[in-house]
Amino acid sequence: MGSIPYLAALSALAALGLAFFFYKSVEKESPGNERMVFLMTEIQKGAKAFLQAEYKWVSIFAVAMAILLAALIAPLAAVTYLLGAILSSAAGYAGMTVATMANARTTEAAKQGPGKALPVAFRGGAVMGFSVAGLALLGLMGTYVLFVTVLEVDDAFEIVTAFGLGASTIALFSRVGGGIFTKAADVGADLVGKVEAGIPEDDPRNPATIADNVGDNVGDVAGMGADLFESYAGSIIAPVSLVAFAGAIIAEDSQGPLRSAISASAGGPLEAITAEQAGGLGIIEFFVFPIFVALIGMIASIIGSFLIKGGTSTDSKSLSKALHLGTNVAMAITTVGVLAGAYWIFGDISDNPWGVAVSVIGGLVIGWALGKTAEYYTSDHYKPVKEISQQTETGPATTILKGISIGMQSVAASVALILAGIGIAYWGGQQAFDGQYGGLYGVAVAAIGMLATTGIVVSVDAYGPIADNAGGIAEMAELDPSVREVTDALDSLGNTTAAVAKGFAVGSAALTALALFKSFEFAIKTASGGSTELNLDIGEVEVFAGLFIGAALPFLFAALTIDAVGRAAAKMIEEVRRQFREIPGLREGEPGVIPDSARCVAISTEASLKEMILPGALAVVVPLVVGFISVDALGGLLAGALVTGFALAIFMANAGGAWDNAKKYIEAGAQGGKGSDAHKAAVVGDTVGDPFKDTSGPSMNILLKVMTIVSLVFASAFV
C-alpha cells in the first residue's frame, strides 16, 4: 500500500510520455501552404510573447507570497509553493506551444475531411491534457513522498498544501489575464468586423483577427490548463489535508472503524493521541486512497485517449460521439478500478468499503451530469439555444434577456446536482466509516472522483480552441469554403466540450472547497491547541458580517473582470476603426494591403496585464486581512463566497455558451443566416456573453479555492 504514491508518480511519467508522443504525432503533420504557416507563426509568436510577459508579472506576486509563507508558516512551504507555481506555468506554456502548432495542421487536415482533422486537433489538445495531469500528479507525489514519507518533517501537510496554493496563484492570474486578452480581441473583432463592416468572422482584412486567435490560446488553452491543474491538485490535497489537519479531533469524536484505525495508529489510549500521530502514516489508508483514485484515473485516461478517432460526417452528433467515446471509456475503467481499490485498501478496517467507492463514483457521475447539463443549456441541438435564436428576430435586447434567463435556469439544475452529489458522497462515507467525519471524507474523495480523468477531460477541452484557430486560418488563408465547413463543425462541438469541462471544474470546486473549509476548521483548533474553535453561528455579528463580505466578493470580482474586458475591448474597437479609416484599401480588400495585427496584439497584452492585478490580488489579500482580524468572520466569508460564487460561475458560463452557439446556429442558416438582422442581434448577445463564459465565469471557481486554500495554509498564523 505504501507503494501507491510511487505508482502514481510512474503513471504521471507515463502521461508525460504520452504528451510527448502526441506532440511528435502532431509535429509530423503538414502545416499547409506558405500563407497558413505565416498565420500559424504569427499566432504562436503573439501567444508566447503574452505568456512570457504574464509570467514575469505573476512571478513578482509569487515571490512576495513565498516570502510571506517562509516568514509566517515554514521555509519549506515557500519551496513547495514555488514548485506548484512553476509546474503549473510549465504545463500551460507547453500546452499552448503545441496548440499553436496544431491549428494550421488541423486546417490542412480538414481538406481531407473531419476523419483526418478531428484526431489532429484532439492530439494537439491531448498534449495540454496530459501535461497538466502528469505534471500536477508528479509534483504532488514528489512533494508528498519527500516531506511526508522520507523526511517526515514537522507540519508536513501544511507544506504539501502550499503546493496547491502555488498552483492556484498561477491559475487565477492565467484565467483572468488570458480571459481579458482573448475577450478584448474577440469583442473588438466581432463588433467592428461583423456588425459595423459586415465582413465575415476571421476575415484577413480585420486587424483584430490575429489577436483573437492568439487569445484563444492564452485564455482557453494556457488559462484553462492552469485552471484544471489547480483543480486536479486541489482535489487530491483536499481529502489528504482533511485527515491530516483533523488529527486528534477525529480520534476523539469518531466512532466505529475510523476511530479504531486512528486508535491503532497511535499505539496508546485515545486521550493521549496528538495531532501529529493521528495525521501520521499510521492511518496510511486514508492518505493513499485519493492518490490511488488519481492513479486509476490517469491509467484510464491514457487508455481512453487512443479510442478517439474521427468519422466521415460533419454532423455534430457524430463528431460528439467520436470525441466523447474516450471520456466515457475512461470513466468506466475508473469506476471498476475504484471499486476494487476500495476493498483492497479499506477491507481490513471497514465492514462496508464499497461506501467510499460509492462516494468517488458518485462524484464522477455528478461531474459528468453537470457537464451534460451544461451541454443541454449551451448546445444548438436543444431547446434553450434555439429559443435564443428565435429571440434574435426581435433584436439584441430580447436576445440578451433570454440568455440571462437560460443561464439562471441552469443554476437551479446544477445546484440540485451538486446537492445530490454531496448527499451521495456523505452517505457513502458514512457507510464505510461511522459518524460525520466518515461522511466528510466521502465528500472530499468525491472531488477527486470528479477530476480523476482530468487527462482526457482537458484534452477534449483544449481541442476546442485548436479547432477555432483552424477555422480562423482557413478564412484568413482564403481556402475553399468546404475546409471552413469542416472546421466550423469541429469548432461548434468545441464550444460544448468547453462547457462540459467547466461543469467538471466548477463542480469539483464546490466539493473541494467544502473539504478544504472543514480542514481549515480543524487547522484552527489544532493550531491553537484546542483553545480556538471556528464559530459559524450566523447570529454572531462577526460571522454575519463575514457572510455578507463573502457573498459580495464574487460579484465584485466579476464586475472587475467584466469592466476590464469592456475597457480593453473599447481600445481594440477604436484601433480597428482607425485602421479601416486610415489604411487605404484595407476595408475593400485590395491586393497587398494588410492590417497592422501586431498593434492589436499589443493592445490586448498591455490591457490584460494591467487589469489582472486587482482581481487577482483580491482573492489573496481579502482572506488574509479578514483572517487576522477574526477567524469567525473569515469562516463566514468563505461560506458566503462559496454559495454565491458557485451560482455565478454556472450562470455566466452557461449563458455565455448559449449566446455563442445561438450565433453559430444562425450562421449555419437559421433565422436568415449570416448578415441578417437576427445575426447582428446574435453577435451582440455573443459579445455580451464572451466575458461571461471565458473570463469571469471560469475564474470564479478558482477564486473560491484560492480563498479557501489561503485560509487553510495561513490558519496557524491567524491563531
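T561 is placed in helix α18, residues 541-582, where helices are DSSP runs of H or I with at least four residues, strands are runs of E with at least two, and both are numbered from the N terminus. Leaving aside neighbours within four places in sequence, T561 is in contact with V176, I180, P615, T695 and S696, contact being defined as heavy atoms within 4.5 Å.

The model is predicted, and local features need pLDDT of at least 70, while side-chain atom pairs count only at pLDDT 80 or more and totals for chains, interfaces and linings use all residues. Residues are numbered from 1 along each chain as its sequence is written, and side-chain values use heavy atoms, with hydrogens and water left out.

## Helix α14 against helix α21

The axes of helix α14 (residues 396-432) and helix α21 (residues 631-667) come within 7 Å of each other and cross at roughly 135 degrees; the axes are lines fitted to C-alpha atoms over the stretch in contact, and the angles run from 0 to 180 degrees between N-to-C directions.

On the α14 side the contact is made by T399, I400, G403, I404, I406, G407, M408, S410, V411, S414, V415 and I418, and on the α21 side by F646, A647, I650, F651, N654, A655, A658 and W659. By class, this contact has 14 nonpolar, 6 polar and no charged residues, where Ala, Val, Leu, Ile, Met, Phe, Trp, Tyr, Cys and Pro count as nonpolar, Asp, Glu, Lys and Arg as charged, and the others, Gly among them, as polar. T399 of α14 is buried, with a relative accessible area of 1%, and, apart from neighbours within four places in sequence, T399 is in contact with I388, Q391, T392, W659, A681, A682 and G685.

## L703 in helix α22

L703 belongs to helix α22, residues 677-713, and at 2% relative accessibility it counts as buried. Not counting residues up to four places away in sequence, L703 touches L172, P554, F557 and A619. The C-alpha atoms of L703 and S168 are separated by 8.6 Å, although these residues are 535 residues apart along the chain.

## Aromatic pairs

A search of the whole structure finds 23 aromatic pairs, with rings of Phe, Tyr and Trp (its six-membered ring) pairing if their centres lie within 6.5 Å, and planes under 30 degrees apart counted as stacked, over 60 as edge-to-face and the rest as tilted. The rings of F628 and F718 have centres 5.0 Å apart and planes at 85 degrees, so this pair is edge-to-face. The pair links distant parts of the chain, with F628 in helix α20 (residues 613-629) and F718 in helix α23 (residues 715-718), 90 residues apart. F628 is partly exposed at 46% relative accessible area, whereas F718 is buried at 10%. Elsewhere, F286, F289, F346, F433 and Y441 form one aromatic cluster.

## Positive phi in two loops

E478, in the loop between α16 (454-476) and α17 (481-527), has a positive phi of about 55 degrees although it is not a glycine, and E478 is exposed, with a relative accessible area of 65%. Q671, in the loop between α21 and α22, has a positive phi of about 50 degrees and is likewise not a glycine; at 24% relative accessibility, Q671 counts as partly exposed.

Conventions: Buried < 20%, exposed > 50% of the residue type's maximum accessible area, 1.4 Å probe, protein only.
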